[in-house]
Amino acid sequence: MKIKLILIAVAVIVILIAVYLFGFGKSKPSSKLESSKVFLGDLVVTVRATGTAIPKNRLEIKPPIAGRVESILVSEGTQVGRGKIIAWMSSTERAALLDAARAKGEVELKKWEDFYKPTPVISPLYGLVIASNISPGQTVTQQDILYVLSDNLMVQAKVDETDLSKIKIGQAANVIVDSYSNSPIRAKVSHIGYEAVTENNVTMYNVDLELKTIPDYLRSGMSITIDFILSEERNVLLIQNEFVKGSGGNGKVTKKVDGELVETAVSIGNSDEQNTVIFSGVSENEMVYRKKKIQEEKKTSSGGPFSSPKIPKR
């Protein structure tokens, strides 16, 4: 009788172990069929960098003589032409004479103003006044800076050395001023620096870009985001990356033929982070498919017949 009971107990234990191993211990793999439509769109592959707006040629204008500023004719933000008079000033001697004549009356002052003409401050180039440091009546020396001019604003990007090989002279780029993110500006690479700049232990190179148009809101020192365009394809067939396999121009997609899933060869092009260009093998609005495996969670909530009992939280 004892032997029979022992055998029954062993059989029950074996059955429980089998139930646990094959019922609880394994997750049941399954798959889900996902679909996507082939569509027409644009694919732009870019390399992103950050930079700032800087003057292309920054010129500080100093007074031709030491003396006093009599009048200023332009203000910050004004476009001036080459040879344009931007301020008038008196030499130290003229200022002293005029002050003495002014004390004697308007007639005496007018006589000396006609006799002793003021000295003009002239712009040496066509450009934008980006800084004005003077006021009428201010006394200045020949070392003081009256104005700062810039002939044009440009963008200087800092490009990581790992991306520098992708940047070429004349390459197109889209420039976005961070505070005006809805207004991209077209630009092109005009110069690639030769000397490295280290920032936060990262080796970078300065890359200069000329802007196609300079918007009124752009200011020197503004933070800029630059997307260097590596390739730009318009109105091409696109498929989401997850639905195409392959590289080097040869790829495969899965289509339904007579209700069956069939792998079909396609000719592929460039890709970005989301989509891949398809040259042939599919048509617009055609559906492609993929099987996505789903791993079920292990049924550990019951703990199995030999798991330790759960201790209730206090």
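Which residue in β9 is the bridge partner of G67? Select G67 together with strand β9, and you will find that the partner is V140. Before going further, please note that this is a predicted model, in which local features need pLDDT of at least 70 and side-chain atom pairs count only at pLDDT 80 or more, while totals for chains, interfaces and linings use all residues. Residues are numbered from 1 along each chain as its sequence is written, and side-chain values use heavy atoms, with hydrogens and water left out.

**First stop: the open sheet**

Strand β4 (residues 67–72) is joined to β9 by two bridges, and these strands run antiparallel; strands here are DSSP runs of type E with at least two residues, numbered from the N terminus, and two strands pair if DSSP finds at least two bridges between them. Now widen the selection to the four strands that form an open sheet in the order β7-β6-β4-β9, with antiparallel pairing. Its edge strands are β7 (119–122) and β9 (139–140), each of which pairs on one side only.

**Second stop: S90**

Within strand β6 (residues 85–91), select S90. Is this residue buried or exposed? S90 has a relative accessible area of 0%, so it counts as buried (buried means under 20% relative accessible area, exposed over 50%, and partly exposed in between, with a 1.4 Å probe and protein chains only). Its side chain makes a polar contact of 2.7 Å with the side chain of E70; such a contact is a pair of N or O atoms within 3.5 Å, where, within protein, one must be able to donate a hydrogen and the other to accept it, and residues adjacent in sequence count only if both atoms are side-chain atoms. If residues up to four places away in sequence are not counted, S90 touches I65, A66, G67, R68, E70, A95 and L98, where contact means heavy atoms within 4.5 Å.

Select strand β14 (residues 202–211), which pairs in the antiparallel sense with β11 (residues 153–160) over six bridges. β13 and β14 form a hairpin with two residues between them, and N200 in the turn has a positive phi of about 55 degrees.

Staying in β14, select V207, which is buried because its relative accessible area is 0%. The C-alpha atoms of V207 and V155 are separated by 8.3 Å, although these residues are 52 residues apart along the chain. Leaving aside neighbours within four places in sequence, V207 is in contact with several residues, including V155, L164, H191 and F228.

Most residues other than glycine have a negative phi, and most peptide bonds are trans. Select N235 in strand β15 (residues 223–240), where phi is positive, near 55 degrees. N235 has a relative accessible area of 56% and is therefore exposed. Then move to N285, in the loop between β19 (275–280) and β20 (287–295), which has a positive phi of about 70 degrees although it is not a glycine.
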